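Please read the numbered points alongside the sequence and the model.

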Amino acid sequence: ILRVDGSHPDALHLLGVLHLQAGEHQQAIDLIEKAIDVAPQNPIYHCNLGTSYRGLRRFGRAITSFQEALRLKPDYAQAWYNLGCSH
């Protein structure tokens with residue numbers, strides 16, 4: 001998909017999630033931030049970005065990302081959980 005459309009937000013996000021799962025947090029951040037640039041209203045992207053930042057122990061950035069996910073979707077249980085784990 002990215003070969004055809006290098007700015008496809010879901011493809012960027014999901015490739016970022018694969019890097020996150022592989023423990024490659026900076027690569028995950030780079031890709032998920034590109035997805036957010038294209039589709040900033042997706043709370044899942046922000047939540048996974050926060051998880052990536054937390055993997056690098058960048059807790060301030062993680063908290064900001066989780067808070068943005070919650071601003072977009074106040075009942076997002078995973079974002080609440082991740083926010084609580086980041087304090």
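1. On the outward side of helix α5, Ala-77, Trp-80, Tyr-81 and Gly-84 are exposed; exposed means over 50% relative accessible area, buried under 20%, and partly exposed in between, with a 1.4 Å probe and protein chains only. Helices are DSSP runs of H or I with at least four residues, numbered from the N terminus.

2. This is a predicted model, in which local features need pLDDT of at least 70 and side-chain atom pairs count only at pLDDT 80 or more, while totals for chains, interfaces and linings use all residues. Residues are numbered from 1 along each chain as its sequence is written, and side-chain values use heavy atoms, with hydrogens and water left out.

3. Which residues of α5 are buried? In this helix, spanning residues 77-85, they are Ala-79, Asn-82 and Leu-83. These residues lie on the same side of α5 because they cover an arc of only 100° around the axis, the arc being that of the directions from the helix axis to the C-beta atoms. An α-helix has 3.6 residues a turn, so residues three or four places apart point the same way.

4. The buried residues of α5 pack against α3 (43-55) and α4 (59-72); contact means heavy atoms within 4.5 Å.

5. The axes of α3 and α4 are 8 Å apart, and the two helices pack at an angle of about 165°. Axes are lines fitted to C-alpha atoms, for helices over the stretch in contact, and angles run from 0 to 180 degrees between N-to-C directions. That angle makes α3 roughly antiparallel to α4, a term for angles over 145 degrees. By class, their contact has nine nonpolar, four polar and three charged residues. Here Ala, Val, Leu, Ile, Met, Phe, Trp, Tyr, Cys and Pro count as nonpolar, Asp, Glu, Lys and Arg as charged, and the others, Gly among them, as polar.

6. Helix α2 (residues 25-38) and α3 cross at roughly 155°, their axes coming within 9 Å. The two are therefore roughly antiparallel to each other. The residues of this contact divide into eight nonpolar, five polar and one charged. Among those taking part are Ile-29 and Ile-32 of α2 and Leu-49 and Tyr-53 of α3.

7. Arg-71 lies in helix α4. Is Arg-71 buried or exposed? Its relative accessibility is 52%, so Arg-71 counts as exposed. Arg-71 and Gln-41 are 30 residues apart in sequence, and their C-alpha atoms are 9.8 Å apart in space.

Terms used: Parallel < 35°, antiparallel > 145°, perpendicular 65-115°, else oblique.
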